[in-house]
Amino acid sequence: PWRSEDPIRTERLPPLNGNLWAATAGEVPPADAAGSADEADTVVVGGGVTGLSAALHLSERGQRVTLIEGGDLAGGATGRSSGQVLPGLKAPPSAFEGRLSAAAASRLAAWSGGGPDLVFDLVARWNIDCAAVRAGAVQAAATARGMRTLCRWAQEWRDLGAPVRVIDRDEAVALLG
């Protein structure tokens, strides 16, 4: 895991125009200036995954939406994600104990764990040609301490009904190479 005292290695980050999304998306059609912010019920600023999702879901609910993006759609962090669709948050469900009510923490865990369902449902509903593959996710540990943490987190997710299992090194190598 990254620690605040670790140097940031920016040389490992690809340039924005060199990401997987840009390399595999094909030609992006020009955006239409079909409306203005003055004519919109809602204006969404930013054309990353969150902005695009917000615009789509608002429009499905009958809102007139204007999306404003100063660069390419998915040109920032969205493009750097390499198209990964991962469940959960960067913290285990227990991280929210004491910060949220039990009911709110449970809803947050269900929402975050169900993220891939939402994405793949949108792909199917809108017939999005994106070569979507639902193959699960692997979170690896490089140390014994990291493995203990992953085992604890996996149990927390299983306790919430998530289909999570822990695999050993040999199975990870067999799955991932």
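Asn 127 is placed in the loop that runs between helix H5 (115-125) and helix H6 (144-159). The model is a predicted one, and the phi angle of Asn 127 in it is near 50°, a positive value in a residue other than glycine. With a relative accessible area of 68%, Asn 127 is exposed, because the cut-off for that class is over 50%.

The loop between H5 and H6 also holds Ala 131. Ala 131 is not a glycine, yet its phi is positive, at about 55°. Its relative accessible area is 70%, and Ala 131 therefore counts as exposed. Val 138 is a further residue of the loop between H5 and H6. Val 138 has a relative accessible area of 45% and is thus partly exposed; this value falls between the limits of 20% for buried and 50% for exposed. Along the chain, Val 138 and Ala 172 are 34 residues apart, while a distance of 8.3 Å separates their C-alpha atoms.

Two cysteines were examined for accessibility. Cys 130 counts as partly exposed, at 39% relative accessibility. Cys 151 is likewise partly exposed, at 31% relative accessibility.

As regards the overall fold, the chain comprises seven helices and two strands. Read from the N terminus, its elements follow the order α-β-α-β-α-α-α-α-α. The chain has 177 residues, of which 17% count as buried. Among contacts between residues at least 6 apart in sequence, 47% join residues that are at least 24 apart.

One of the buried positions is Ser 112, which is part of helix H4 (residues 102-113). The relative accessible area of Ser 112 is 5%, so the residue falls under the 20% limit for the buried class. When residues up to four places away in sequence are not counted, Ser 112 touches Pro 87, Gly 88, Leu 89 and Trp 157.

Leu 89, a contact of Ser 112, is also among the residues that line the largest cavity. The space in the largest cavity is about 30 Å³, and the count of cavities of 30 Å³ or more comes to one. Rolling a probe the size of a water molecule over the atoms shows where empty space is left.

The mean pLDDT of the chain is 80, and 77% of the residues reach 70 or more. Over residues 1-15, by contrast, the pLDDT is below 50. Beyond near neighbours in sequence, this stretch has five contacts in the model. Where pLDDT is low, the predicted coordinates should not be read in detail.

How values were computed:
Residues are numbered from 1 along each chain as its sequence is written. This is a predicted model: local features need pLDDT of at least 70, side-chain atom pairs count only at pLDDT 80 or more; totals for chains, interfaces and linings use all residues. Side-chain values use heavy atoms; hydrogens and water are left out. Helices (H or I, at least four residues) and strands (E, at least two) are DSSP runs, numbered from the N terminus. Buried means under 20% relative accessible area, exposed over 50%, partly exposed in between (1.4 Å probe, protein chains only). pLDDT is the predictor's confidence in each residue, from 0 to 100. Contact means heavy atoms within 4.5 Å. On a 1 Å grid over the protein atoms alone, a cavity is a set of points where a 1.4 Å probe fits but cannot get out, and a pocket is an open set with protein on both sides within 12 Å along at least five of seven lines; lining residues have an atom within 4 Å of a point. Grid points are joined across faces, edges and corners, and a volume is the space filled by probe spheres set on the points.
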